[in-house]
Number of protein chains: 2
Amino acid sequence: MAKAARQRLVPEQRIEMILDATLSLVGTSHFSVVTMRDIALACDVNVALLYHYFSGKDQLIRAVLARALGQVTDDYESRRDQHRADFLGDIAAWFATHQAMAPTMMSRMVKLMSDQAAQPIKDPELETLVQGFYRFESNLIVSTLEAGMAAGQYREVASDKLARFVGLHLDGIFHAAESRGELRIAEDIEELRGLLTRQLEP
Amino acid sequence: MAKAARQRLVPEQRIEMILDATLSLVGTSHFSVVTMRDIALACDVNVALLYHYFSGKDQLIRAVLARALGQVTDDYESRRDQHRADFLGDIAAWFATHQAMAPTMMSRMVKLMSDQAAQPIKDPELETLVQGFYRFESNLIVSTLEAGMAAGQYREVASDKLARFVGLHLDGIFHAAESRGELRIAEDIEELRGLLTRQLEP
């Protein structure tokens, strides 16, 4: 029965399923300990099929991170219009994305990025993905702040410093979600939104 | 020569050396992949000696974390007097400890705490240590805020919420130290100090 269901998956769906299962695994174990065999078992496929789609674990991990990052930025793009009238504009859309994708997806992705960053020998492709994500975040915050200041909606602030502050705080929220033993991501983001609003009100 | 030097270590020094080397290892690898053999190699001792001091890896990891947490709280206690006159009081001492112990010690410790928190099956003793650390931090921030408000030095704030905000932000700073590819811990803590001061000024 399970096998029959599996047969009906088209390759795209099967790849999606593999990427999801891998993200789940690296969300609890360290990606360096997860084997292709573990992933195959979690997906109920054989290892040969895994190698049919991915040349090896490095390529698979890169695909997992690239897809997760893509989902986050797509979700953000889809929310920008709704938040046009919001005082925080695009930053509000960014926060909404984080709230919507928490705790599972974002937490796992942040953990994967941090695990890779702590490796003594880094995968340059993975590093490029991570740096690209942080640049995307920083750019959207800075440009929102600059536009708001230019329009006289926001008080004058050092946009680079404030963007870093907001980014670090989001990292802290996801990082702490598990280690502080409380899942309060949406609430913590609300606190950040309140603080940022008070900082920016003219 | 190395052997002769080693002979001169008293057991306490040898244990310190083992704990230091283990903290270094788990600061780059995940603690679940580090073996007793890896640790023995890093310390230039044989595995049997390691087992003479520690019953196994779990006990060793607990000792590593307990020592690191003890060093952080001792450093904080030793700084409290110097910061009596500081507007942020004990919170300033806590920040100074983080700045002094960054990036190596604190970053490794935060990584170890977060790796253990992400494990599907947690070591209850390790979890108790981590929760105790966060409670210590939260208590010191809350009591400083309460005392400052009672004395009329600080504006009225929700001390629990602000304590969580500060703690999350410190987590973010250490968490991001590597993944954002920039080592700016001291500077990031200064930013947090500035923001907190502005929040509290009557």
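This is a predicted model: local features need pLDDT of at least 70, side-chain atom pairs count only at pLDDT 80 or more; totals for chains, interfaces and linings use all residues.
Chain A is built from 10 helices and zero strands.

**Chain A as a whole**

- Reading from the N terminus, the elements of chain A go α-α-α-α-α-α-α-α-α-α.
- If you follow the C-alpha trace of chain A along its principal axes, it spans about 60 × 40 × 30 Å.
- Chain A has 202 residues, and 39% of them are buried.
- Take the contacts in chain A between residues at least 6 apart in sequence: 59% of these join residues at least 24 apart.

**How helix 5 and helix 6 pack**

- Two packed helices are described by the angle between their axes and the distance between the axes.
- Helix 5 of chain A covers residues 57-79 and helix 6 of chain A covers residues 90-101; they pack at an angle of about 125°, and their axes are 9 Å apart.
- That angle makes helix 5 of chain A oblique to helix 6 of chain A.
- The crossing of helix 5 and helix 6 of chain A is right-handed.
- On the helix 5 side of chain A, the residues in this contact are A:Val72, A:Asp75, A:Tyr76 and A:Arg79.
- Facing them from helix 6 of chain A are A:Ala93, A:Trp94, A:Ala96, A:Thr97, A:Ala100 and A:Met101.
- Sorted by class, this contact between helix 5 and helix 6 of chain A has seven nonpolar, one polar and two charged residues.

**How helix 6 and helix 10 pack**

- Helix 6 of chain A also packs with helix 10 of chain A (residues 185-200): their axes come within 9 Å and cross at roughly 165°.
- Angles over 145 degrees count as roughly antiparallel, so helix 6 of chain A is roughly antiparallel to helix 10 of chain A.
- This crossing of helix 6 and helix 10 of chain A is right-handed.
- Helix 6 of chain A brings A:Phe95, A:His98 and A:Gln99 to the contact, while helix 10 of chain A brings A:Ile185, A:Ala186, A:Ile189 and A:Arg193.
- By class, the contact of helix 6 with helix 10 of chain A has four nonpolar, two polar and one charged residues.

**Where the two chains meet**

- Chain A and chain B each put 29 residues into the contact between them.
- On chain B, the elements giving two or more residues to that contact are helix 7 (104-118), helix 8 (124-150), helix 9 (159-179) and helix 10 (185-200).
- Helix 9 of chain B gives the largest share of the chain B side, with 11 residues.
- The side of chain B that touches chain A has 11 nonpolar, 11 polar and seven charged residues.
- The copies meet through the same surface, because 100% of the interface residues of chain B are also interface residues in chain A.

- Look for B:Asp171 in helix 9 of chain B.
- B:Asp171 counts as buried because it has 26 C-beta neighbours inside 10 Å, and the cut-off for buried is 20 or more.
- Leaving out residues up to four places away in sequence, B:Asp171 touches A:Gly172, A:His175, A:Ala176 and B:Val110.
- B:Asp171 and B:Phe95 are 76 residues apart in sequence, yet their C-alpha atoms are 12 Å apart in space.

- A:Asp44 is in the loop between helix 3 (36-43) and helix 4 (47-53) of chain A.
- A:Asp44 is exposed, with 12 other C-beta atoms within 10 Å.
- Although A:Asp44 is not a glycine, it has a positive phi of about 55°.
- The C-alpha atoms of A:Asp44 and A:Glu146 are separated by 50 Å, and these residues are 102 apart along the chain.
- In chain B, B:Asp44 is found in the loop between helix 3 (36-43) and helix 4 (47-53).
- B:Asp44 is exposed, with 12 other C-beta atoms within 10 Å, and its phi is positive, near 60°.

Note on methods. Residues are numbered from 1 along each chain as its sequence is written. Chains are lettered from A and ligands numbered from 1 in the order in which they are written. Two residues are in contact if their C-beta atoms, placed from the backbone, lie within 7 Å. Helices (H or I, at least four residues) and strands (E, at least two) are DSSP runs, numbered from the N terminus. Ala, Val, Leu, Ile, Met, Phe, Trp, Tyr, Cys and Pro count as nonpolar, Asp, Glu, Lys and Arg as charged, and the others, Gly among them, as polar. Axes are lines fitted to C-alpha atoms, for helices over the stretch in contact, and angles run from 0 to 180 degrees between N-to-C directions. Angles under 35 degrees count as roughly parallel, over 145 as roughly antiparallel, 65 to 115 as roughly perpendicular and the rest as oblique. A crossing is left-handed if the near helix is turned anticlockwise from the far one by less than a right angle, and right-handed if clockwise.
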